[in-house]
Amino acid sequence: MDGQREQFERHIILQSLAYAYLGAIEFIANKLAEKINCHDCNIDELNELYIEAAKFNSMFFFHQPVLSKNTSLTETWKCIDKALDVNVSSNELLGQLSNVHYILNLEAEKEKAELDNRYQAKQDKLNTRFTIIGIIIGLLSLIELFK
């Protein structure tokens with residue numbers, strides 16, 4: 001009887017862990033949706049969210065949170081995961097975060113390229129002006145020589 005009670009308690013703990021994982025995943029997904037739906041997406045906030053999700057995934061989330069030697073618990077976790085799609089939800093969230101992160105980096109690179117192009121255009125104008133001034137000074141010097 002004691003062995004069955006302990007096994008039952010372990011099953012309840014695994015079920016609770018699955019719901020805790022899903023709660024954390026939902027929390028991060030809601031934060032992501034909130035930050036994406038704003039008009040002026042702050043890339044720094046999204047980067048922080050990406051880092052927060054990556055830390056959660058690397059520190060707390062385990063695709064198989066049971067030691068493989070505990071066969072019955074491993075099977076229990078597989079059943080729980082199959083029923084609740086914990087791993088699928090986690091992978092989906094990380095995929096969404098990765099896509100948003102990639103898009104925002106593309107936008108940031110595009111803005112940087114535009115700024116670089118504007119700076120280069122200003123430099124080109126300045127160089128052209130200096131060249132024209134140099135030519136005028138050179139012509140004036142030639143005119144002075146031939147007087």
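Reader: What does the secondary structure of the chain come to?

Author: Four helices and zero strands. Keep in mind that this is a predicted model. From the N terminus on, the elements run α-α-α-α.

Reader: How much of the chain counts as buried?

Author: Of the 147 residues, 18%.

Reader: What about contacts between residues 24 or more positions apart?

Author: They account for 74% of the contacts in the chain with a separation of 6 or more.

Reader: Switching to the largest nonpolar core. Which residues touch the most other members?

Author: Ile-28, Leu-32, Trp-77, Val-86 and Leu-97, out of 21 residues in that core. Two or more residues come from each of helix H1 (2–36), helix H2 (43–59), H3 and H4.

Reader: Which of them gives the most?

Author: H1, with seven residues.

Reader: Trp-77 is on that list. What does Trp-77 touch?

Author: Leaving aside residues up to four places away in sequence, Trp-77 touches Leu-14, Ala-18, Tyr-21, Phe-62, His-63, Gln-64, Pro-65, Val-66, Val-86 and Asn-87.

Reader: Now the packing of H3 and H4. What are the angle and the distance between axes?

Author: Helix H3 (residues 71–84) and helix H4 (residues 86–145) pack at an angle of about 55°, and their axes are 6 Å apart. Because of that angle, H3 is oblique to H4.

Reader: Which residues make the contact?

Author: On H3, Trp-77, Asp-81 and Leu-84; on H4, Val-86, Asn-87 and Ser-89. By type, the residues of this contact divide into three nonpolar, two polar and one charged.

Reader: What lies in the loop between H3 and H4?

Author: Asp-85 lies there. Asp-85 has a positive phi of about 55°, although it is not a glycine. Most residues other than glycine have a negative phi.

Reader: Where does Asp-85 fall, buried, exposed or in between?

Author: Asp-85 counts as partly exposed, because its relative accessibility is 37%. Partly exposed is what sits between under 20% for buried and over 50% for exposed.

Reader: And Ser-90, buried or exposed?

Author: Buried, because its relative accessibility is 4%. Ser-90 lies in helix H4.

Reader: What does Ser-90 touch?

Author: Ile-25, Asn-57 and Phe-61, with residues up to four places away in sequence not counted.

Reader: Which residues does His-63 touch?

Author: Trp-77, Asn-87 and Asn-91, again not counting residues up to four places away in sequence. Asn-87 is also one of the H4 residues in the contact with H3, and Trp-77 touches Asn-87 as well.

Reader: How far apart are His-63 and Gln-15?

Author: They are 48 residues apart in sequence, and 14 Å apart in space, C-alpha to C-alpha.

Terms used. Residues numbered from 1 in each chain as written. Predicted model: local features only at pLDDT ≥ 70, side-chain atom pairs only at ≥ 80, totals over all residues. Heavy atoms only, no water. Axes fitted to C-alpha atoms, helices over the stretch in contact; angles between N-to-C directions. Parallel < 35°, antiparallel > 145°, perpendicular 65-115°, else oblique. Contact = heavy atoms within 4.5 Å. Nonpolar A, V, L, I, M, F, W, Y, C, P; charged D, E, K, R; others polar. Buried < 20%, exposed > 50% of the residue type's maximum accessible area, 1.4 Å probe, protein only. Core = buried A, V, L, I, M, F, W, Y, C linked by side-chain atoms within 4.5 Å.
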